[in-house]
Amino acid sequence: MNHQEAKDLLKNLLPEDSLSLIKVEVFRLSWQGKGYNIIAEETGYDHDYVRKSGSLLWQELTELLETSVTKRNFRPLIEAQLNKIQKTVTQIPEYPGAPMLFSSPYYVERTDEEHQAYAQMQRPGSLIRVKGPRKMGKSSLMLRMMDHADELSYKQVILDLQMADSSMLGDLDKLLRWTCLQFANQLGLEDKIDEYWNELIGPKLSCTSYMQDYLLAQGDVVVIAINEVNLIFDYPDVSRDFLALLRSWHEEAKHNKVMQGLRQVLIYSTEVYVQLDLNLSPFNVGLPIELKPFNDEQLSTLAQSYGFNWPADGSIQSPIRVLQTHLGGHPYLTQLVFYTLATKEGFIESPSETLQQVLKEGSESNGLFSDYLQHILVAIMNNQDAMSAFRKIRKDKDAKLSRIEMYQLESLGVVKLQNGQVSTSCKVISDFLASQIG
């Protein structure tokens with residue numbers, strides 16, 4: 001059992017606000033049969049602190065399970081409880097859409113991407129860029145990265161630009177003040193923005209001073225994940241300065257020991273289409289991770305987690321090929337299909353027919369995919385350039401699109417870019433939009 005698995009298991013049993021790093025480590029290492037002395041040596045905590053934390057943990061589990069739980073007997077009791085949880089999960093699949101826990105049986109691992117991200121995170125001053133359209137699994141990967149940061153005893157901050165008002169996104173000073181306030185709040189620090197803000201040096205240097213001289217001054221490693229970075233692209237002037245600031249923090253770490261404690265994770269749906277000096281852009285440095293649709297093997301793995309034995313055998317008529325043909329391996333849409341099949345009465349009697357029916361009805365007004373498709377439709381109808389670009393590629397698959405047109409369609413998940421070539425990403429999405437806007 002690794003740290004994340006231990007943490008997720010305890011989350012299923014105890015309130016999250018009662019958990020702490022030391023409790024998770026006592027639980028994990030006790031599971032391996034290690035005594036308090038060894039746990040203290042491996043974690044670096046004081047022996048008495050480890051023992052007291054363990055005693056508190058067993059007491060909380062005793063109250064939960066209504067039976068005496070000790071370090072000697074906890075494992076079989078927890079295993080029995082875990083079996084109950086797993087049976088419940090098997091009987092009632094979780095509805096798709098939310099970021100998935102590390103222990104979710106329905107999470108399809110992106111092994112290479114995860115290992116690369118974990119390794120990069122340990123490098124001083126590192127920057128990781130995670131790119132992918134909406135509902136492609138970015139948030140789930142981000143949570144795994146933050147769990148890994150927790151395992152390394154790094155502090156974490158998640159800055160979600162979806163939570164920022166448009167008035168802030170359009171004003172650099174307000175945006176950076178809001179950013180610093182979010183950092184301090186999530187790190188449990190006092191707000192000292194006014195002490196560091198200086199109109200004479202401007203908001204970028206003020207923000208950097210706040211970061212370097214206050215937030216990182218204790219020598220802790222802090223991982224900052226900025227979600228939906230692409231939202232700032234609609235504000236070109238602010239975007240240029242904000243993105244250049246992120247790049248400068250990464251560059252500063254090359255010769256500034258304090259800034260080496262900052263690790264950045266940028267989450268976005270498309271490349272920036274604001275004109276940036278290459279030397280000021282954060283999108284040509286660090287580790288790039290692009291989340292792609294599921295391949296046949298990943299779809300087969302997902303099918304098995306729902307109890308369906310659908311091999312990736314390459315057969316044109318196989319359920320995996322049918323799913324790829326219609327949904328292009330889109331993680332969220334395929335999750336919706338599997339959830340529906342797993343909870344549908346009579347499915348086992350005629351799997352092929354039921355699958356075809358679900359896919360056929362999915363794009364209807366109240367169909368399985370309707371909410372997702374309506375979101376794309378509204379977005380594209382509010383953007384004349386994107387609408388025009390979609391019509392171009394429907395008319396001629398080899399049509400040349402401008403850089404902005406390509407990126408706008410890509411961010412919506414309508415097209416995919418490969419070696420400079422544009423193609424529709426998903427038959428269901430493409431056919432739906434064609435039926436609505438031509």
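A: Helices are DSSP runs of H or I at least four residues long, strands are runs of E at least two long, and both are numbered from the N terminus. In this predicted model, Asn 230 is found in the loop between strand E3, residues 222–227, and helix H12, residues 236–252.

Q: How many helices and strands does the protein chain have?

A: The protein chain has 20 helices and 7 strands. Its radius of gyration is 24 Å, close to the 22 Å that the globule rule gives for 438 residues, so the chain is as compact as a globular protein of that length. The C-alpha trace spans about 70 × 70 × 30 Å along its principal axes.

Q: What percentage of the residues in the protein chain is buried?

A: A residue is buried when its relative accessible area is under 20%. Of the 438 residues in the protein chain, 49% are buried. The accessible surface of the chain comes to about 21,500 Å², and carbon and sulfur atoms account for 47% of that area.

Q: Among contacts between residues at least 6 apart in sequence, what percentage joins residues at least 24 apart?

A: A contact means heavy atoms within 4.5 Å. For the protein chain the figure is 67%.

Q: How far apart are the mean positions of the positive and negative charges?

A: There are 43 positive and 56 negative charges in the protein chain, and their mean positions are 4 Å apart.

Q: What does the side chain of Asn 230 reach?

A: It reaches the backbone nitrogen of Ser 269, at 3.0 Å. Leaving aside neighbours within four places in sequence, Asn 230 is in contact with Ile 267, Tyr 268, Ser 269 and Thr 270.

Q: What is the phi of Glu 228?

A: Phi of Glu 228 is near 60°, a positive value in a residue other than glycine. Glu 228 also lies in the loop between E3 and H12. With 18% relative accessibility, Glu 228 counts as buried.

Q: Where does Lys 135 lie?

A: Lys 135 lies in the loop between strand E1, residues 127–131, and helix H7, residues 138–151. Lys 135 is not a glycine, yet it has a positive phi of about 65°. Its relative accessible area is 28%, so Lys 135 is partly exposed.

Q: Which residues does Val 337 touch, not counting those up to four places away in sequence?

A: They are Leu 323, Leu 327, Leu 355, Val 358, Leu 359, Leu 368 and Phe 369. Val 337 itself is in helix H15, residues 331–342, and counts as buried because its relative accessibility is 0%.

Q: Why does Lys 416 count as partly exposed?

A: The class runs between the limit for buried, under 20%, and the limit for exposed, over 50%. Lys 416 has 42% relative accessibility, so it counts as partly exposed. Lys 416 is found in strand E6, residues 415–418. Apart from residues up to four places away in sequence, Lys 416 touches Gln 421, Val 422, Ser 423, Thr 424 and Ser 425. Asp 112, 304 residues from Lys 416 in sequence, is 21 Å away, C-alpha to C-alpha.

Definitions and conventions: Residues are numbered from 1 along each chain as its sequence is written. This is a predicted model: local features need pLDDT of at least 70, side-chain atom pairs count only at pLDDT 80 or more; totals for chains, interfaces and linings use all residues. Side-chain values use heavy atoms; hydrogens and water are left out. The radius of gyration is taken over C-alpha atoms; the globule rule is 2.2 Å times the number of residues to the power 0.38. Buried means under 20% relative accessible area, exposed over 50%, partly exposed in between (1.4 Å probe, protein chains only). Accessible areas come from the Shrake-Rupley method with a 1.4 Å probe; for residues, only the protein chains shown count as cover. Lys and Arg count as positive and Asp and Glu as negative; His and the chain ends are not counted. The place of a charge is taken as NZ of Lys, CZ of Arg, CG of Asp or CD of Glu. A polar contact is a pair of N or O atoms within 3.5 Å; within protein, one must be able to donate a hydrogen and the other to accept it, and residues adjacent in sequence count only if both atoms are side-chain atoms.
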